[in-house]
Amino acid sequence: MKTKLLLVLILLAQIFYAQEITGSWKGELDLGQVSLPLILNISKENNEYVSTAQSPKQGNEIMPVDKTEFINNELVFEMKALGALYKGQFKKDHFEGTFTQNSKSFPMNLYKDDGKEQPKPKDIVITKDLEKTAINTEKIDDFINYITKNKQGIGSVTIFKEGKKIYENNFGQDQIPNAKFDSNTAYQIGSISKLATAVMLMQLEEKGKISLKDKLSKYYSDIPNADKITLEQLMNHTSGLGDYAGSWLFKKPVGDKAILDTIKKNGVEFQPGEKERYSNSGYYLLSRILEKVSKKPYHVLLKENITSKADMKNTFSVLDNKKNIFKSYENTTGKWVEIEDFDFRNCIGLGDITSTTYDMNLFINALFDYKFIKKETLDRMLPKDEKPFGLGVMRVPFYNKISYGHGGDTAGTHSLVSYSPSEKYSISMIVNGEGLSHRKLFIGIISLIYDHEYEYPKFNELKKLPENELKKYEGDYHSKEPKLDFKIFVKDENLFAQLADQPSFPLEFVEGDKFKYDNAGVEIIFSPEKKQLSLIQNGNTLVFNKK
């Protein structure tokens, strides 16, 4: 998994930085058409920050915060029980950042709570009607070409209008050496798998084989609160169950027993129906119930009930053992490298499906054309009262424009499929090589679809030195106060730094003997003739001598 803020630099940041942030901070968690207030109360104990959180719309419960750090002008707080992490940079009078929960990211700014209501941005109304006007695909091409030229993204985009493909772009694949990519190459689509699972459960309900009012105890009596949780609450993320997904599912299949034991151990976070909180555990149980009732394995059900009905020739479960799948990549040094991802046999029915952007459009159009379920059944699945989640369906807003579908994230691949019933257009996007944030890329494309004002992101050109020039900086460095060992080495034609027993991080060449690592606001200036390096952070300098 990607680590954007290295723990390796925490000690240095604590030495260099001491701005006070104690007090109450208030923000709005932006879910599109829906926003949730969050209050963070920060205090200091034994020279360390501690905090608690509240979300007034979800009750008066005080939520524990497991970690609170303010390093290099960045606030980080983690709420393990919720699978949530916030990172925000301090900007004059507030923090601008991102709140991530269960691999889904949302923008959130925090303002010091002085009792005054913070001004809200002016409401924006999108007036373009895609049912009556065409999409300017040349603008989308220009934007994607710009992203690709700057090595900021790899993936695919496909747009349908009235059930027919009007645009497709597969971009960046040629930047991966020896990559095999063609029209049949699939991506992992993550949690979009949940939408397929939900549709198949609704098919069973239409046949009278299950009821959404059924209690979980009918199928899994030993799950906490099983006698209170309904199938409907599992589907709309109001069950109160925790989330079993995590990096422990990466390397190999762990088996159903280990997953069930983890779900039981995680217990419940709230009583059924009290709140809405995304849960992979709920959909793991739903997919197993689907198999139990149907008496068939998931991949067979997927083929019989979904892919064959929508002619989705390149959509499969991991149980089908499809080989032509594009892996996940990241680029931190100017070179795309494959990153570790889930063993998707641990995510059956909630994150295991592979597909193409073309097939995902076929799927969402077939759903809204009632090829899988009846109209009244689909209407029940859609989110109500501006809630983000329905029965396996997510609201996908862009200002006043509302589409429906689902998003999906693995450790390195990010996907979205949505359909607008009013404008009869659908879009599917997948990013499996993320330079520019996938969310920003998605917003850029949607903005251009609606002719909404949009400024291209700016990227600095990556400068590089030949490997033989980088070699002169290699070595082991040491500082006396504080006592720290610093290793500088060359790998894959890039310079890296590493404190003892900590992860390494890449150094970007600036000029002369100067390098930087922007994620932590660090500059390193080498003095080869003195056999020294100077580490600069927030205007403070720490000198290391070469051993």
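The model is predicted, so local features need pLDDT of at least 70 and side-chain atom pairs pLDDT 80 or more, while totals for chains, interfaces and linings use all residues. Residues are numbered from 1 along each chain as its sequence is written, and side-chain values use heavy atoms, without hydrogens and water.

**Stop one: glutamine 152**

Select glutamine 152. It sits in the loop between α2 (137–149) and β10 (153–161). Helices (H or I, at least four residues) and strands (E, at least two) are DSSP runs, numbered from the N terminus. Is glutamine 152 buried or exposed? It counts as buried because its relative accessibility is 16%; buried means under 20% relative accessible area, exposed over 50%, partly exposed in between (1.4 Å probe, protein chains only). Now show its contacts (heavy atoms within 4.5 Å). Beyond neighbours within four places in sequence, they include Trp336, Glu434 and Phe459.

**Stop two: the barrel**

Select β21 to β28. These 8 strands form a closed barrel with antiparallel pairing; two strands pair if DSSP finds at least two bridges between them. Strands of a sheet pair through backbone hydrogen bonds. Zoom in on β23 (residues 494–499) and β24 (residues 505–511), an antiparallel pair with 3 bridges. Which residue in β24 is the bridge partner of leucine 495? It is leucine 507.

**Stop three: a pocket**

Select Gln188, Val318, Lys327, Phe342 and Phe344. Of the 24 residues lining the second largest pocket, these lie nearest its centre. A pocket is an open set of points on a 1 Å grid over the protein atoms alone, where a 1.4 Å probe fits, with protein on both sides within 12 Å along at least five of seven lines; lining residues have an atom within 4 Å of a point.
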